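Please read them with the structure open.

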Amino acid sequence: MSSLMEMYRNPRYRGVLEDYNRSSTEINRSCGDSVTLYLRVNSQGIVEELQFAGEGCSLSQSSAELACRLARGLTCAQVVSLSQSFIRFLLAEPDQPVESNLPQEFSYYNDLRRYPMRQKCALMAWEILENLCVAQG
Amino acid sequence: MSMNRTAILEDFPILSSTMRGKPFTYLDSAATSLTPEQVVQAMSRYYLEYGVNVHRGVYEFSERATREYEEVRKKTEKFLGLLPHSPGKSPLGHVIFTKSTTEASNLLAYSYGRAKLRSGEEILTTETEHHSTLVPWHPVCEKTGAILKTVPISPQGTFTLDDFASRLTPRTKIAVFSAMSNVTGFMPPIKEMIQRAKEVGALTIVDGAQYVSHHGVNVEELGCDFLYFSAHKMLGPTGLGVLYGRTEILETMEPFLYGGNMILKVSDFASTYHPLPEKFEAGTPPIAEVLGFGAALDYLSNIRMDTIRDQEKRLLTYGLEMASKRPWMKVLGPKNPEIQGAIMSFNVEGVHSHDLGTLLDSQGIAVRTGVHCAQPLMEHLRVGGGAVRASMYFYNTEKDIDTLFEGIERAKEIFG
């Protein structure tokens, strides 16, 4: 929880990227939480820079921060694969550890596996990120 | 009759259970109430002993099911003050069983609103409404050209009789409003509102989903044309709503759903309909649910509605006092138990409502979080991000409120 709270309280990637070329917003209908991602993807398909904006609970905002931290510098294909592994991680059995080849930050969200009603909060940013990377290769 | 704690714990075994490994504290009765053993027994007795259809068979079990089903209708009429009526006098209104409050509201929007409203005529409602009371009237206005007007609310989520009455015009054909807000618990002066609406000739529709489970209601004294509510918020099962309507108006309305049970005579190309109330009860009704609801009404009558109201008033007063000692808690609504039902919605500074809900859940405390199916109200109260709602019923105690506040304190510590 503490590391999740650290990302929630002291985000490094919060803001509006000036020269973004991809952006999308999602709003959680059940609570009104919002996440917007701004990406700059270069001609080689690498996510050079990204930032996020939005309002909401610790899960929706910290996962946007984490998505930004982890996706920076990756290719779009790597981002899609990372996002899918986060989804698989959340849907796994509560006590299953994070696979060694995956970012250990995922483990901040371990408890969330027991709270399916809240998983949408943490998935919002990842879904946006994946769509932005899939949509245009 | 006073509350007998031992009996309550026996009747509601779920109160002694655990959630997330902690003793279960239920503060979400405005979403649905807990179900006593007696209600479950009435339903299982039906299924196990005489579970056949009503209004159809000529055999004994069907007769029994039909008789008991109709007895619950009478019980409901009695609960609403319609029975006993004076000999020789025809009943003022009818009780119709629907599948939910939402279906009852839609029945009125379709069979009355769409059929009878004309362009330029007005529907008056308020900014406190639940989606089930507000949304069905949006397409009515689109289809008919009628105009929806709303009574604005104060920052406390309240409005006065004048706020309401000053928006009535000779063009107001329908006034539709809740007797108790599902978010703030605010209870507007409905009796006077009904009277003023009638003075301009408007039809009056009262959403009783939150109110009826906590307060005795006498529809004759209240004077409304329609009142609807849900069985599952008053100890009954899910899947059953109640619509009370005045006979003379129901008779002028077309059916809402068509099919079996509601017809009198059918030929290949035409049919005639059954008189009230069956005209509005197409298809096999929720028989077990109606029988369960009968047991719920018995349970409530045994405790007495005024005892329930007194107990809840005490709990709400206690909760509001605890909240007032915490300047970092922002309670929505009037904060006045005289005009507020057993609901306390709030936010805690620095903790998002969903995070608070989850932290309470992890301590075994069930509350509702989010926008509570009342988005316009949340916008008007400037809490677009939602709020936590603790709602009480007679089976709650001061201890539950203490547990809630311990939970809130812990969440506040974590989020600091």
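This is a predicted model: local features need pLDDT of at least 70, side-chain atom pairs count only at pLDDT 80 or more; totals for chains, interfaces and linings use all residues.

1. Helix α2(B) passes α11(B) in a right-handed crossing. The stretches are residues 37-49 for α2 of chain B and 287-303 for α11 of chain B. Their axes come within 8 Å and cross at roughly 145°.

2. Which residues make the contact of these helices? From α2(B) come Q38(B), V39(B), A42(B), M43(B), Y46(B) and Y47(B). From α11(B) come I287(B), A288(B), L291(B), G292(B), G294(B), A295(B), A296(B) and Y299(B). By class, the contact of α2(B) with α11(B) has 11 nonpolar and three polar residues, and no charged ones.

3. Next, the domains. The assignment for chain B gives domain 1 as 5-30 + 304-415 and domain 2 as 44-301. The C-alpha centres of the two domains of chain B lie 28 Å apart. Each side of the contact counts 23 residues: 23 from domain 1 of chain B and 23 from domain 2 of chain B.

4. Look at the side of domain 1 of chain B that touches domain 2 of chain B. At least two residues each come from α12 (305-324), β14 (343-348) and α14 (375-380) of chain B. Helix α12(B) gives the most, with five residues. This side of domain 1 of chain B divides into 13 nonpolar, six polar and four charged residues.

5. Now the sheet. Seven strands of chain B form an open sheet with mixed pairing, in the order β4-β10-β9-β8-β7-β5-β6. At the edges are β4 (93-98) and β6 (147-151) of chain B, each pairing on one side only. Neighbouring strands of this sheet are turned by 20° against each other on average, direction ignored.

6. One strand pair deserves a look. How do β7 and β8 of chain B run, parallel or antiparallel? Strand β7 (residues 172-178) and strand β8 (residues 203-207) of chain B run parallel, joined by five bridges. S178(B) has D207(B), in β8(B), as its bridge partner.

7. A helix covers part of this region. Helix α6 (residues 137-144) of chain B lies across β5 (122-126), β6 and β7 of chain B. Its direction is about 140° to β6(B).

8. Last, the chain interface. On chain A, 10 residues are in contact with nine residues of chain B. The chain A side that touches chain B has four nonpolar, four polar and two charged residues.

Notes: Residues are numbered from 1 along each chain as its sequence is written. Chains are lettered from A and ligands numbered from 1 in the order in which they are written. Two residues are in contact if their C-beta atoms, placed from the backbone, lie within 7 Å. Ala, Val, Leu, Ile, Met, Phe, Trp, Tyr, Cys and Pro count as nonpolar, Asp, Glu, Lys and Arg as charged, and the others, Gly among them, as polar. Two strands pair if DSSP finds at least two bridges between them. Helices (H or I, at least four residues) and strands (E, at least two) are DSSP runs, numbered from the N terminus. Axes are lines fitted to C-alpha atoms, for helices over the stretch in contact, and angles run from 0 to 180 degrees between N-to-C directions. A crossing is left-handed if the near helix is turned anticlockwise from the far one by less than a right angle, and right-handed if clockwise. Domain bounds come from an automatic or database domain assignment.
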